[in-house]
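Hi,

Here is the structure I promised to pass on to you.

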Amino acid sequence: SSGTTTNRIQRLVSEGLVERTVDATDARKAVVSLTPAGMAAIERAVAEHVATQAKLVDSLDPDEADQLVGLLRKLEATYLARATHPMGEGPDGL
């Protein structure tokens, strides 16, 4: 809900991770932007996520890694097809 979103954004503002400003063309809108501290937090989270993924993939042998890549590409293609065509309307009925 919008109240939940507002509360979450306010918490991020309080923590100095984002800043909220009023839209220059429509005072009913708020613009939420990352602060330098917020960007640093995102960069840390991404680095930790990439490191975790690397540890998981390191346990695969080359054939398993190739199989995983193929499966992930298939999932990506399915996702993209569904994103551009509503369910059942895609080129292959996805």
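A word on terms to begin with: a salt bridge here is a side-chain nitrogen of Lys or Arg within 4 Å of a carboxyl oxygen of Asp or Glu. By that rule, the count is 2 salt bridges.

Please keep in mind that the model is predicted, so local features need pLDDT of at least 70 and side-chain atom pairs count only at pLDDT 80 or more, while totals for chains, interfaces and linings use all residues. Residues are numbered from 1 along each chain as its sequence is written, and side-chain values use heavy atoms, leaving out hydrogens and water.

Glu15 is partly exposed at 46% relative accessibility (buried means under 20% relative accessible area, exposed over 50%, partly exposed in between, with a 1.4 Å probe and protein chains only).

The other pairs Arg28 with Asp26, whose closest N and O atoms are 2.9 Å apart. Here Arg28 is exposed at 77%, whereas Asp26 is buried at 14%.

Ala27 sits in the loop between strand 1 (18–22) and strand 2 (30–34); strands are DSSP runs of E, at least two residues, and helices are runs of H or I, at least four, numbered from the N terminus. Ala27 is exposed, with 67% relative accessible area. From Glu15, Ala27 is 12 residues away in sequence and 24 Å away in space, C-alpha to C-alpha.

Finally, Glu64 belongs to helix 3 (residues 62–84) and is partly exposed at 35%.

Best wishes
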